Amino acid sequence: MAAATKRCRMSQGYLSITPEATVRVRIAGNKAFLTVKGRNSGSVRDEWEYGIPMADAEDMLKRCCATAIEKCRYYVPYHGHVWEIDVFGGRLSGLVLAEVELASEQEDVDIPAFAGREVTADTAYYNSVLSDPSRPLPPFS
């Protein structure tokens with residue numbers, strides 16, 4: 001696998017996980033964010049992200065989120081794109097997901113060998129679904 005250029009520890013929880021909109025609070029390193037994602041249309045969806053005070057994010061994770069996801073994200077350049085490799089901890093320990101942001105659905109991308117099986121359309125691997133402890137875990141390999 002290509003070498004990561006940086007990494008970031010993340011903790012995140014979900015305030016809403018409806019199909020119409022997920023609302024996530026995330027602490028990434030020393031920054032905090034509130035993110036709203038719209039309904040998926042294939043592998044595309046609208047997204048709005050706002051920086052918020054760290055204390056607010058910590059309170060929201062404690063008070064409003066049933067379960068937080070813990071992961072370490074590695075940023076790996078590969079053939080003109082930067083892949084985000086999430087290595088999960090806690091009850092999701094052993095799960096590793098690779099993701100790349102594209103300019104459009106039609107953009108060509110070389111899939112690196114480390115990416116493994118395609119799960120883009122499998123909702124069981126959405127972080128919002130993985131955060132729900134009442135749902136069974138998807139296969140990790």
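How much space lies in the second largest pocket? I began my notebook with that question.

Entry: I am working from a predicted model. I looked up the second largest pocket and noted about 230 Å³ of space in it. I then asked which residues line this pocket, and found 13 of them. Closest to its centre are Ile17, Thr18, Pro19, Tyr126 and Ser128. I sorted the lining by class and wrote down four nonpolar, six polar and three charged residues.

**Entry: the cavity.** I counted one cavity of 30 Å³ or more. The largest cavity holds about 30 Å³ of space. I listed its lining as Arg91, Ala124, Val129, Leu130, Asp132, Arg135, Pro136, Leu137 and Pro138. By class, I have six nonpolar and three charged residues there, and no polar ones.

**Entry: Arg24.** I found Arg24 in strand β2, which runs over residues 21–28. Is Arg24 buried or exposed? I put it down as buried, because its relative accessibility is 6%, under the 20% cut-off. I then looked for its neighbours, leaving out residues up to four places away in sequence. Arg24 touches Gln12, Gly13 and Tyr14, then Phe33, Leu34, Thr35 and Lys37, and also Glu49. With Glu49 I noted a polar contact as well: the two side chains are joined at 3.3 Å.

Notes
Residues are numbered from 1 along each chain as its sequence is written. This is a predicted model: local features need pLDDT of at least 70, side-chain atom pairs count only at pLDDT 80 or more; totals for chains, interfaces and linings use all residues. Side-chain values use heavy atoms; hydrogens and water are left out. Helices (H or I, at least four residues) and strands (E, at least two) are DSSP runs, numbered from the N terminus. Buried means under 20% relative accessible area, exposed over 50%, partly exposed in between (1.4 Å probe, protein chains only). A polar contact is a pair of N or O atoms within 3.5 Å; within protein, one must be able to donate a hydrogen and the other to accept it, and residues adjacent in sequence count only if both atoms are side-chain atoms. Contact means heavy atoms within 4.5 Å. On a 1 Å grid over the protein atoms alone, a cavity is a set of points where a 1.4 Å probe fits but cannot get out, and a pocket is an open set with protein on both sides within 12 Å along at least five of seven lines; lining residues have an atom within 4 Å of a point. Grid points are joined across faces, edges and corners, and a volume is the space filled by probe spheres set on the points. Ala, Val, Leu, Ile, Met, Phe, Trp, Tyr, Cys and Pro count as nonpolar, Asp, Glu, Lys and Arg as charged, and the others, Gly among them, as polar.
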